[in-house]
Amino acid sequence: MEGSTKDEIKSLIETFIKDLDIHVPAKLIDEFAAAFRGLDEPRIMEVLNRAYENGGSLEMEDKRLILEEKARLINETGLLEVIPAVESMDDLGGLEEFKEWLYRKEFIFKQLEKARQFGVSNPRGLLLAGAPGCGKSLGVKAAADLFDVPLVRLNVARLSGQDQAQGESNLKKALELSEMISPCILWIDEMEILFASAPHLSGPFLTWMQENTEVFIAATINDSEKLPDRFLRTGFFDHGFSVDLPHKEERRKILEIHLRKRKKWNRNLDIPLLVTMTEGYSGADLEALVEEAIENCFIQRRDVLTEEDFRQAQNYIHPASEVFPASVGQAKEAIQKKCFKDAGSDEGKIAVRLWDAGERLEKNRGPVSPLAVTLREVLGRDWWKKRGAKFIDRKEWETVEIESGSWGYGIDLI
């Protein structure tokens, strides 16, 4: 998979537009040129023709055709796998410190050239460590959706089960491929297993990371005890987060997310009771519990979910802390030794999102949460007014926008 340069791609697009006598904004041409990275001229022309045939022009929605073509080619290599972006930040309950950090990186990702000119370094990557089922994979998928870039997962089995020369060759090909389709997120799931089974790959990988300026690395780790300390040195990853079993406020958010997603939330459900009942449950456990409770309600031919459905579901869905107490405890102890920052927060924290004041948040986030308090209670209206802030209060959303000078501030009330 040998691609054209960005200038070559841009020239191809401009010639295509001129020949067909259609108008495409310069900003969209730049976005298409960036998205086409990694594709050769014949494939670029094929996608452009398909896009034009669909609607007689080139639109933002046509970028999906580029991603589909890239996914097909990448999956053929067997070294990387394109993961569809179906989860978003709305699906991530709790983990407020991690979410706020992602919002900061999103602000840079969405205007990389401007950030570079200002002297900001490209986001390099993150480590997410913790017991299975606590939201690591979901966090990576939500990051890809937030950054609006492809998510590709490294096929660890193709690297760890081979001899040294073949393993290093395949690693090099996979990393080069990720560079060609950048900007993207390269996801290394259970990274400690790869470098524990193939330690000879750690040197080439870390050397590449020091030189990498285009690909954002997302590494998830179950057993951080097996992760060599050299991976935690400054200069490789931007940050390391630990994910633990959710506290009660996080459990409330996770339960409500899954209930609303399945259209089974109702005002009569005693959510505080369900939160108390589910102490020790992981995020994956809570999702399974909701599914089991809904199944029980359906089998009994009732329309409204009750607390009793959850009690019966608990006969089948047991918390990870009960089923694997040693594994959960060991994971937590190992994480503390590595000094990862807690991805969660004290209960009640609200993640803050930044964006350009000129760019409005267009995505409707649904009905206002019971947690949606007034602006004065969130930030202090008088404090902002003294600094020339203009308040944009959209009550039908779970987001409050505050414009101040050239910056915008968003408070996700989820």
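**Helix packing and the sheet**

Let me start with a helix pair: from H2, Glu31, Phe32, Ala34 and Ala35 meet Lys63, Ile66 and Lys70 of H4, where contact means heavy atoms within 4.5 Å. By class, that contact of H2 with H4 has four nonpolar, three charged and no polar residues; Ala, Val, Leu, Ile, Met, Phe, Trp, Tyr, Cys and Pro count as nonpolar, Asp, Glu, Lys and Arg as charged, and the others, Gly among them, as polar.

The model is predicted, so local features need pLDDT of at least 70 and side-chain atom pairs pLDDT 80 or more, while totals for chains, interfaces and linings use all residues. Residues are numbered from 1 along each chain as its sequence is written, and side-chain values use heavy atoms, leaving out hydrogens and water.

Helices (H or I, at least four residues) and strands (E, at least two) are DSSP runs, numbered from the N terminus. The axes of H2 (residues 26–35) and H4 (residues 63–77) come within 10 Å and cross at roughly 5°. Axes are lines fitted to C-alpha atoms, for helices over the stretch in contact, with angles from 0 to 180 degrees between N-to-C directions. H2 and H4 are therefore roughly parallel, the term for angles under 35 degrees.

Now the sheet. Seven strands form an open sheet with mixed pairing, in the order S1-S3-S4-S5-S2-S6-S7; pairing takes at least two DSSP bridges between two strands. S1 (80–83) and S7 (341–342) are the edge strands, each pairing on one side only. S2 (residues 125–130) and S6 (residues 239–243) pair in the parallel sense over five bridges.

Finally, helix H5 (residues 96–109) lies across S2, S5 (216–221), S6 and S7, at about 165° to S2.

Technical notes:
Parallel < 35°, antiparallel > 145°, perpendicular 65-115°, else oblique.
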